[in-house]
Amino acid sequence: MAQHVQEAIVERRLRPIYDSLEVGNNKKALQEAEKVLKKSPAMQCARALKALALLRLGRDEESETIVRNLADEDICDDPTLQVMTFCYRETDQLDKICSMYQKAVKLAPKNEEILSHLFMAYVRINDYKNQQTVALQLYKLRPKNPYYFWAVMSIVLQALRGPDREDKAKRKVLLALAQRMVDKLISEDKLDAEQDVQLYISILQYQEKYQEAFDFLEGAVCKKLYPSAPVSIKIDLLTSLSKWVELNVLLKQLLEDNRDRWDYYKIYIDSCFELEDAQIAAEGTDHTMEMCHEFICLMMEGTKKVRGPYLARLELHRLLRERNKDPVPLLGDYLELLIEYFRLFGDKTCCALDIKMFLEYLPMHERPGFASRLIVECGISSTTLPQNKEQMQKHICSLQISRYVGVHSVLGTEHLAALHTALSLHYEHGVSAFGVDLMPTEIGPSDPYALLAEVRLFLVESLVGPNALLNEREGREGGWRGGQEV
């Protein structure tokens, strides 16, 4: 009882120092520390707080002297150790935090909190071996699963990032040890957290024990503790195990639930190729390119148009050509597929980047004509302006693709200057027609025109000199700032 009363008195006396440090009033904190030390000159926590206040006031030498003197003393109370930790961290002396807590552990070997802080101190300096040692000490003191898995994770980190990570034999031994430790808990039915399951699956994957990982993922323990396991883990394991039948069926189910998952389509197409190459015709699978195309077309149906299947069709076209197969009889002309994609999704801001992924597979001589056709498709000429946001976005997309294929880079000075003027006018029209009531920091719908105009202006200046269009630029320099006219 007397000890608790004494602790409460000390905390009440130190509270003003903590409060001042918390609000950044370091001068006031130093004054409060001095008051406490006048009555109790040997109080370790007050001296540590004074050192921290001096450090934050820029009086490093005075602070260092106090900290050094405290480090030579026996400290095992947590408040003082925590303040000392702040001092060491702010002077980038992380190794000294370890030394300080090592000494404290010797003074109080059964103090769980001090051992936990020692573990975290080793984490800061990436000392995985000592992390493992301290974690096992903690587990021996308090047999809790988190401490046990701190040790397991430390062993895994030794294998992946430690000094022996390049030694395959040692890496193998360490990962096997980590697996055995978790196996022990599983056999004793002590596994009780989702994070522990995640770590165990990762350990098996690092050892390339994909079948074991897959069996565990599908087992009762994982279903109980990790029911929300992401399907990406199962996909990765099936891919590593070359289980193309199961993978193909799984991806078809996933795509039927979410037709716009572009990442799933790429794996699905790969599985179709693998099944066709291996001549595996399992029930429920798409094991030919015709079946693959039919499924992609099926995913295109519906009232809401989604980009995923259309991108998948372009990817299938590309992969067939890469494998020296003629895709035209099955899929049609590549250029027409790109134009169809533009017609459907040209009003989306992502369209230009989507098409850019496939531009490099379009023959060089067809690219300028493709860009010209997109300009025509958007329905805007040199004498017309966009009638709505969607048409404006299509026009922006076609201009961006023209830039990607290099159409603008071959224009002469006069054409570039004219293009800059046209883009500036389109920008101003977009701001007045579609950018009303925007916040100054909001991106305006016509801002891409301004970016393209600046690129064109840079090209002109690089050809004719920086002062050639100075008057025009000054006349418009307030035209595009934060999506608003200034």
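## Salt bridges across the model

A salt bridge is a side-chain nitrogen of Lys or Arg within 4 Å of a carboxyl oxygen of Asp or Glu. In this structure, which is a predicted model, Lys28, Glu32 and Lys35 are linked in a network of such salt bridges, and a search of the whole structure finds 24 salt bridges.

Lys144 lies in the loop between helix H8 (128–141) and helix H9 (145–161), whereas Glu112 belongs to helix H7 (residues 112–124), so the pair ties together parts that are 32 residues apart in sequence. Lys144 counts as partly exposed because its relative accessibility is 39%, while Glu112, with a relative accessible area of 18%, is buried.

Another pair joins Lys325 to Glu276, and here the closest N and O atoms are 3.3 Å apart. Lys325 is partly exposed at 34% relative accessibility, and Glu276 is partly exposed at 23%.

## A buried charge without a partner

Asp447 is placed in helix H25 (residues 447–464). Although Asp447 is buried, it has no salt bridge, and the nearest side chain of opposite charge, that of Lys389, is 11 Å away. A polar atom of the Asp447 side chain does, however, lie 3.0 Å from the backbone nitrogen of Gly444.

## The nonpolar cores

In soluble globular proteins, nonpolar side chains tend to be buried together. The largest nonpolar core of this model has 124 residues, and those with the most contacts inside it are Val152, Tyr268, Ile269, Leu316, Ile355, Phe370 and Ile401. Leaving aside residues up to four places away in sequence, Ile401 touches Ala352, Ile355, Leu359, Phe370 and Leu374. A second, separate core of 12 residues includes Phe434, Tyr449, Leu452 and Ala453.

Methods
Residues numbered from 1 in each chain as written. Predicted model: local features only at pLDDT ≥ 70, side-chain atom pairs only at ≥ 80, totals over all residues. Heavy atoms only, no water. Core = buried A, V, L, I, M, F, W, Y, C linked by side-chain atoms within 4.5 Å. Buried < 20%, exposed > 50% of the residue type's maximum accessible area, 1.4 Å probe, protein only. Contact = heavy atoms within 4.5 Å. Helix = DSSP H or I, 4+ residues; strand = E, 2+ residues; numbered from the N terminus. Lys, Arg positive; Asp, Glu negative; His and termini not counted. Polar contact = N/O pair within 3.5 Å; in protein donor to acceptor, adjacent residues only side chain to side chain.
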